[in-house]
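User: I'm new to this one and would like a quick tour. Could you show it to me and then take some questions?

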Amino acid sequence: MDKEVAAFWDDFAAEYYQIQQESQVPVVTDVVAFLQVHQILPTKNVADLGGGSGRYLPSLAQNSQAYTIIDISAQMLHYAKQEAKRYVPDQRITYQQQSVTTFAEQTAPRTYDLIWMALNPAIQANQALLTITEKSRQWCAFLRLTKNEDDLFTPLERYFGIEQQDPNTAPEIIASVGNLLKNAGYQVGQQVFQYQTGETFDRPFLEAYYEELPTAQLAAYLDQVFATQKTRTSTTTLEYTLLYWHVL
């Protein structure tokens with residue numbers, strides 16, 4: 001299973017890194033500032049569990065004496081090294097190709113001061129998360145994308161019954177993780193970060209993008225959307241939810 005998962009992320013790494021580079025939202029800056037205000041950062045050492053292509057690498061490395069990025073994908077870590085070379089060439093960084101399961105099984109208890117888990121689909125409300133928590137001496141933090149919705153494509157897809165739910169944005173995961181931790185005796189804090197981005201599209205783009213839909217019905221729908229306008233701005237709302245808990 002680990003080999004299959006690693007192969008999937010290896011294949012996706014280049015595209016994922018490009019998406020990371022093109023992101024318009026300052027979630028990294030805002031989250032790190034929040035952690036600083038709550039005196040979770042700076043700290044001695046950090047484990048970035050499922051750190052991917054290193055989106056949080058520069059900020060976390062600058063806020064720790066020793067930073068370790070762990071990911072199952074060798075290609076993801078390749079891009080993470082590029083981020084380090086570009087932004088923090090003098091920082092102390094350790095790269096570990098490892099699955100979340102292996103990390104939980106092989107890492108000694110109380111190894112890190114902060115275990116950071118951002119957008120990691122392997123983190124679920126289960127015993128493994130409690131085991132991971134035990135690897136920290138002080139803090140754990142879990143960030144999840146809980147909303148990704150726009151006011152152009154989403155309503156259209158709902159209208160035609162073709163909307164696909166992204167399991168990685170399921171808000172119930174945050175609730176389940178929070179309940180698991182609270183039942184285990186941890187005091188859990190929560191903070192929401194919300195952003196909006198805009199992009200402009202014309203009617204021919206949507207006609208081509210949804211060419212599989214019935215032409216007449218799509219035309220009638222787009223008549224209402226565009227009316228006399230040649231273009232339409234799509235506003236996307238992104239919501240990230242952070243859970244953080246003190247181990248002691």
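**A first look around**

Analyst: Let's start on a strand: Gln196 sits in β6, which covers residues 188-202. Keep in mind that this is a predicted model.

User: Which residues does Gln196 touch, leaving aside neighbours within four places in sequence?

Analyst: Here we skip the residues within four places of Gln196 along the chain. What remains in contact with Gln196 is Thr235, Thr236 and Thr237.

User: How far apart are the C-alpha atoms of Gln196 and Ala13?

Analyst: Along the chain, Gln196 and Ala13 are 183 residues apart.

User: Ala13 belongs to which contact between helices?

Analyst: Ala13 is one of the α1 residues in the contact with α4, along with others including Trp9 and Tyr17. On the α4 side, the residues include Met76, Tyr79 and Arg86. By class, this contact has eight nonpolar, four polar and three charged residues.

User: What are the angle and the axis distance for α1 and α4?

Analyst: Two packed helices are described by the angle between their axes and the distance between the axes. Here the pair is α1, residues 2-22, and α4, residues 74-87. They pack at an angle of about 35 degrees, with their axes 7 Å apart.

User: Why does Thr68 count as buried?

Analyst: Thr68 is in strand β2, residues 64-71. Not counting residues up to four places away in sequence, Thr68 touches Val46, Ala47, Asp48, Thr94, Gln96 and Tyr112. Buried means under 20% relative accessible area. Thr68 counts as buried because its relative accessibility is 8%.

User: How much of the whole protein chain counts as buried?

Analyst: The chain holds ten helices and seven strands, and its C-alpha atoms fill a box of roughly 60 × 40 × 40 Å along the principal axes. It exposes about 13,100 Å², with carbon and sulfur atoms supplying 47% of that. Of its 248 residues, the share that counts as buried is 48%.

User: What share of the contacts with a separation of 6 or more comes from residues 24 or more positions apart?

Analyst: Take the contacts in the protein chain with a separation of 6 or more. Residues 24 or more positions apart account for 77%.

Methods:
Residues numbered from 1 in each chain as written. Predicted model: local features only at pLDDT ≥ 70, side-chain atom pairs only at ≥ 80, totals over all residues. Heavy atoms only, no water. Helix = DSSP H or I, 4+ residues; strand = E, 2+ residues; numbered from the N terminus. Buried < 20%, exposed > 50% of the residue type's maximum accessible area, 1.4 Å probe, protein only. Contact = heavy atoms within 4.5 Å. Areas by Shrake-Rupley, 256 points an atom, 1.4 Å probe, with all protein chains shown as cover. Axes fitted to C-alpha atoms, helices over the stretch in contact; angles between N-to-C directions. Nonpolar A, V, L, I, M, F, W, Y, C, P; charged D, E, K, R; others polar.
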